[in-house]
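Please look over the structure shown here. The report below covers its charged side-chain pairs and the confidence of the model.

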Amino acid sequence: MSSTTSTTSTEHGASALTRLKAAQKSAKGVSLYSRFVNRPAGRYLAAGAYRLGLTPNQVTAVSAAFSFAAVATAVCASPTWGTGLLVWLGLAVGFAFDSADGQLARLRGGGSAAGEWLDHVVDCAKITALHTAVLIAFYRHPGHFGTGADGWLLVPLGFQLAAVVTFFGGLLTEQLKRKAAPGAGAGAGAGAGAAPSTVRAVALLPVDHGVFCLVFLLLGGGSAFRWVYTVLGAAAALFLLAFLTKWFRELSAPPR
């Protein structure tokens, strides 16, 4: 009896995974990390969550738990190599579950407005908290990071500003586009359309959250972490300017 139940459960999970593979969002505008690492990982997590009977909101809660545990570790623990590994692991797993909640919603027949709202609120809180954690770490451990000069504290503040405005601007642009052209995104759920640009996917790597999480592996390196974090912050600022210009032009274009 237990063997039959186990076999049925396995087949159920395999079926869910097959359906998820066939219902992926378009890879257009997605970096290589999200396309080939985070989304596939999220697909397996979504299939497992479906098998366990979890809801998308519960998966969002799991994502938040891993992400904010990592943030708390970055704030409270000493900046060692081991701490960096734990922080990266928590952030990476949280990011994978962040992909899984949306995939699970599609598998269950579509998400809800409340679920989408919760997902975005958690994402915004995670972005804000993560850069605040770096700011606190720079302030608490100036000798380790080489941040004795107060000017270094402006780096996480600037990075936070660029990340939050990019996040908000992208969401707002998407909503305004839908309002201007109702039903335009109706068939975008299964990866239809032109093949995604590999060059664009590579270019977007510096502003992919999964790539950003990797910098915490250098937490024990002190100045190495500071410089790589700063470079990524500068990239985020440059991409923000490019995105804002692109979004404004798109929204300013007359409707077809």
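## A charged network

Asp98, Asp123 and Lys126 are linked in a network of salt bridges. A salt bridge here is a side-chain nitrogen of Lys or Arg within 4 Å of a carboxyl oxygen of Asp or Glu. By this rule the count comes to 5 salt bridges. Side chains of opposite charge can pair when their charged atoms come close.

## Basis of the model

This is a predicted model: local features need pLDDT of at least 70, side-chain atom pairs count only at pLDDT 80 or more, and totals for chains, interfaces and linings use all residues. Residues are numbered from 1 along each chain as its sequence is written, and side-chain values use heavy atoms, with hydrogens and water left out.

## Confidence

The protein chain has a mean pLDDT of 87. This score is the predictor's confidence in each residue, from 0 to 100. In the chain, 83% of residues reach 70 or more. Over residues 1-9 the pLDDT is below 50. Beyond near neighbours in sequence, that stretch has 1 contact in the model. A contact means heavy atoms within 4.5 Å.

Residues 185-192 also have a pLDDT under 50. For them the model has 13 contacts beyond four places in sequence.

## A pair within helix 7

Which residue forms a salt bridge with arginine 178? The partner is glutamate 174, and the closest N and O atoms are 2.6 Å apart. Both residues lie in helix 7 (residues 154-180). They are 4 residues apart, about one turn of the helix. Helices (H or I, at least four residues) and strands (E, at least two) are DSSP runs, numbered from the N terminus.

Arginine 178 is partly exposed, at 44% relative accessibility. Glutamate 174 is partly exposed too, at 34%. On this scale, buried means under 20% relative accessible area, exposed means over 50%, and partly exposed lies in between (1.4 Å probe, protein chains only).

## Helix 7 to helix 10

Lysine 177 forms a salt bridge with glutamate 250, with the closest N and O atoms 2.6 Å apart. This pair links distant parts of the chain. Lysine 177 is in helix 7, glutamate 250 is in helix 10 (residues 223-252), and 73 residues separate them. Lysine 177 has a relative accessible area of 37%, so it counts as partly exposed. Glutamate 250 is also partly exposed, at 30%.

Glutamate 250 meets lysine 246 in a salt bridge as well (2.7 Å, N to O). Both lie in helix 10, 4 residues apart, about one turn of the helix. Lysine 246 is partly exposed, at 34% relative accessibility.
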